[in-house]
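Open the model in your viewer and keep the selection tool at hand. This tour goes stop by stop: select, look, move on.

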Amino acid sequence: MFWNAARVVFFPSWEPGTDAGIIRTMRRVCLILAVFLFLPRALAQGLPELGDVSGGILSPQMERRIGEQAMRDIRLREPSFLDDPELTAYINSLGHRLVAANPEARQDFEFFMIKDSTINAFAMPGGFVGVHTGLLLAAQTESEAASVLSHEIGHVTQHHIARMLGKQEQMSVPSIAAMVVSILAARSNPQVAQGAMTAIMAGNIQAQLDYSRDFEREADRVGFQILQRAGFDVYAMGTFFERLQKFGRLYENNAPAYLRTHPITSERIADMENRAHEFAFRQIPDSLEFQLVKAKLKADQGSPQEAVAAFEDQLKTRRFSSEPGVHYGLAASFARAHDFKSAESELAALHRLIGAHPMAELLAARIKAGEGDAKAARDIVAASAKQHPNYQPLRYAQVDYQQSLGEHAQALAALGELIKIYPKDAKLFDLQAKSYAATGKRLLQHQALGEAYVLQGALPAAIEQFQLAQRSGDGDFYQLSSVEARLRELRVRQAEESKSEAKR
């Protein structure tokens, strides 16, 4: 009986044996954390006041390590993690535009996509923010999508998770990180979460719910300021949340997931609207990237034939918010259906409207690759990369096509230059390791993988890769010396982190 009551509060959409993706994983994480938050000792200590981010909280370094470890598991084990360079580039471009408008954002942020039709977004420790594809599809304007991201950034910059956990002296960073990892690994067994939940008293659940609402209001305030400073439509936050609330009332048993994890009240919506009325209304146009990204997501929905029919109907009836978006979506849908001649025709129409946009060129390359002409695909992205040198998806695609053609020397040369410019891009080291493996350079392969793991916060895995590099038997004196020096450095860092965590 108690579990049923608790489930309604924390997991209204949960059903035994089902799993709708990463958001349920994060709910279980929060659920297990709640076990510790409601221990009598914690209640006796009390909760930190809102706005107080001094003392008794996880340090930024600890938050980051927890987030990095959780992200590593999401990348490796979460099938809905969307490793799409174009979508990742867009959501990070939007996210970092918002972060740049917030003077309180003193940590690194990383935004990532989850392939899930539900309307949701979530923040994790250390500046990691996940966004469901369903959220971008549901947002009618870019400002609406930005309003949700700014709210999540508010949760991060106000250290809400850290402030919930900071006074739990019995919880070390390793135990929190291990908790996240174990829950991710045991997602198919909901009884794990159920067993933990039985330790919580019903009265304390309501206390935490109230506390969460305080956090939501604070994230609203911070998010609104970010939205305004970044130049987006400040009316969008109240408009989007009100639409979600109305949708939830109409479809109570199938309410948007965002409502379940971020309780929206009429009071909060009214507060957002009151804040917006302090500013004159301005029509803020959506970026072309927003329209193309939405079209790309829609083109991937349902069967290829259904996607083609949907976009053709929009063109026929002239019911669309972006003509370039419709042509892009139709070209992508034709490519999915392997109708490459029609795809090229729609791509030509897109080019007439927007010229040589990098997303259009990447689509052109995919069409050529689909036709079996990998060399033409490589040439298209290589030419576009010269015009748009800072658009990373073009660089990834160029290396991918080079590798598919067996041009590993060229790929390694390109990666070497890119790593000098973007030394913190783990994907570049992954691609480098692939070409080293293909050319039989085992020491360099493991060294590159080790650097990728370092950037992903997986220090033990990185050390293991450098140990494998030591034992590879194919490196020269200078390469081995470099590996050994890096291995010593990483072991020192690991010892320092262990010491720091042991003191907590």
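**Stop 1: two helices side by side**

You are looking at a predicted model. Select residues 426-438, which form helix α23, and residues 442-455, which form helix α24. Their axes lie 8 Å apart, at an angle of about 165 degrees. Angles over 145 degrees count as roughly antiparallel, so α23 and α24 are roughly antiparallel to each other. Their crossing is left-handed.

Now show the side chains between them. From α23, pick Ala426, Phe429, Asp430, Gln432, Ala433, Tyr436 and Ala437. They meet Leu444, Gln445, Ala448, Leu449, Glu451, Ala452 and Leu455 of α24. Color this contact by class: 10 residues are nonpolar, 2 are polar and 2 are charged.

**Stop 2: the whole chain**

Zoom out. The protein chain holds 26 helices and 4 strands. Of its 504 residues, 52% are buried.

**Stop 3: the nonpolar cores**

In soluble globular proteins, nonpolar side chains tend to be buried together. Which residues touch the most other members of the largest nonpolar core here? Select Leu98, Phe109, Phe111, Leu136 and Phe241. That core has 74 residues. A second, separate core has 19 residues, including Val454, Ala458, Val483 and Leu490.

**Stop 4: Thr133**

Go to helix α6, residues 133-138, and select Thr133. Is Thr133 buried or exposed? Its relative accessibility is 7%, so Thr133 counts as buried. Leave aside residues up to four places away in sequence, and show what Thr133 touches. The list is Leu82, Met113, Ile114, Lys115, Asp116, Ser117 and Leu297.

**Stop 5: Gly238**

Select helix α12, residues 235-250, and find Gly238 in it. Gly238 is buried, because its relative accessibility is 2% and the cut-off is under 20%. Beyond residues up to four places away in sequence, Gly238 touches Ile269 and Met272. Now draw a distance from the C-alpha atom of Gly238 to that of Asn274. The two residues are 36 residues apart along the chain, and these atoms are separated by 9.2 Å.

**Stop 6: α15 against α17**

Select helix α15, residues 288-299, and helix α17, residues 323-336. Their axes come within 8 Å and cross at roughly 30 degrees. Angles under 35 degrees count as roughly parallel, so α15 is roughly parallel to α17. The crossing of α15 past α17 is right-handed.

Which residues make the contact? On α15, show Leu288, Gln291, Leu292, Ala295, Lys296 and Ala299. On α17, show Pro324, Gly325, Tyr328, Gly329, Ala332, Ser333 and Arg336. This contact divides into 7 nonpolar, 4 polar and 2 charged residues.

**Stop 7: the loops on either side of α17**

Start with the loop between α16 (304-317) and α17, and select Arg318. Arg318 is not a glycine, yet its phi is positive, near 60 degrees.

Then move to the loop between α17 and α18 (340-354), where His338 lies. His338 also has a positive phi, about 65 degrees, although it is not a glycine. At 61% relative accessibility, His338 counts as exposed.

**Stop 8: α18 against α19**

The crossing of α18 and α19 is left-handed.

Show Phe340, Ala343, Glu344, Leu347, Leu350, His351 and Ile354 on α18. Facing them on α19 are Ala360, Glu361, Leu363, Ala364, Ile367, Lys368 and Gly370. By class, the contact has 9 nonpolar, 2 polar and 3 charged residues.

**Stop 9: Gly406**

Finish in the loop between α21 (392-404) and α22 (408-421), and select Gly406. Its relative accessible area is 47%, so Gly406 is partly exposed. Draw one more distance, from the C-alpha atom of Gly406 to that of Ala438. Along the chain they are 32 residues apart, and the atoms are separated by 8.6 Å. Ala438 belongs to the range of α23, residues 426-438, which brings you back to the opening pair.

Methods
Residues numbered from 1 in each chain as written. Predicted model: local features only at pLDDT ≥ 70, side-chain atom pairs only at ≥ 80, totals over all residues. Heavy atoms only, no water. Axes fitted to C-alpha atoms, helices over the stretch in contact; angles between N-to-C directions. Parallel < 35°, antiparallel > 145°, perpendicular 65-115°, else oblique. Left-handed = near helix turned anticlockwise from the far one by under 90°. Contact = heavy atoms within 4.5 Å. Nonpolar A, V, L, I, M, F, W, Y, C, P; charged D, E, K, R; others polar. Core = buried A, V, L, I, M, F, W, Y, C linked by side-chain atoms within 4.5 Å. Buried < 20%, exposed > 50% of the residue type's maximum accessible area, 1.4 Å probe, protein only.
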